[in-house]
Amino acid sequence: MNRVVRAHQGETLDALLYRVYGRTAAITEQTLTLNPHLAEQGPVLKEGTPVTLPPPPDTRETKQPRIQLWN
């Protein structure tokens, strides 16, 4: 489910995403797809700009099977 947050004063999209998710990798592009109007505002968002966020990314890391050379 998408969530709407508002930008703080002087905040960039990357800073907003880091504040909410703790990272920006693979989220920035999805957010710009949901909010095409943000690209027109420039790098700094206006205070109070609503930003629709995608669902949180799956943060689980897949574990590689353990390889044992000797029993």
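A residue counts as exposed when its relative accessible area is over 50%, and as buried when that value is under 20%. Keep those cut-offs in mind as we walk through this predicted model. Leu-69 has a relative accessible area of 67%, so it is exposed.

In soluble globular proteins, nonpolar side chains tend to be buried together. Here the largest nonpolar core has 10 residues: Val-5, Ala-7, Leu-13, Leu-16, Leu-17, Ile-27, Leu-38, Leu-45, Val-51 and Leu-53. Two elements, α1 (13-21) and β2, each give two or more residues to this core. Helix α1 provides the largest share, with three residues.

Setting aside neighbours within four places in sequence, Leu-53 is in contact with Asn-2, Arg-3, Val-5, Leu-16, Leu-17, Val-20, Tyr-21, Thr-31 and Leu-34.

One of those partners, Tyr-21, deserves a visit of its own. Tyr-21 belongs to helix α1. Beyond four places in sequence, it touches Ile-27 and Leu-53, along with the prolines Pro-54, Pro-55, Pro-56 and Pro-57. With Pro-54 there is also a polar approach: a polar atom of the Tyr-21 side chain lies 2.3 Å from the backbone oxygen of Pro-54. As for Arg-3, its C-alpha is 12 Å from that of Tyr-21, and the two residues are 18 apart in sequence.

Next comes Thr-28, in helix α2 (residues 28-34). Its relative accessibility is 16%, and because buried means under 20%, Thr-28 counts as buried. The Thr-28 side chain reaches the backbone oxygen of Thr-24 at 3.3 Å. Apart from residues up to four places away in sequence, Thr-28 touches Leu-13, Asp-14 and Leu-17. Leu-13 and Leu-17 are both among the residues of the largest nonpolar core.

Side chains of opposite charge can pair when their charged atoms come close. The count of salt bridges in this model comes to one, and the side chains that meet in it are those of Arg-19 and Glu-11, at 2.9 Å from N to O. What about the surroundings of these two residues? Glu-11 has a relative accessible area of 8%, so it is buried, whereas Arg-19 is partly exposed at 38%.

Definitions and conventions: Residues are numbered from 1 along each chain as its sequence is written. This is a predicted model: local features need pLDDT of at least 70, side-chain atom pairs count only at pLDDT 80 or more; totals for chains, interfaces and linings use all residues. Side-chain values use heavy atoms; hydrogens and water are left out. Helices (H or I, at least four residues) and strands (E, at least two) are DSSP runs, numbered from the N terminus. Buried means under 20% relative accessible area, exposed over 50%, partly exposed in between (1.4 Å probe, protein chains only). A polar contact is a pair of N or O atoms within 3.5 Å; within protein, one must be able to donate a hydrogen and the other to accept it, and residues adjacent in sequence count only if both atoms are side-chain atoms. Contact means heavy atoms within 4.5 Å. A nonpolar core is a set of buried Ala, Val, Leu, Ile, Met, Phe, Trp, Tyr and Cys residues joined through side-chain atoms within 4.5 Å. A salt bridge is a side-chain nitrogen of Lys or Arg within 4 Å of a carboxyl oxygen of Asp or Glu.
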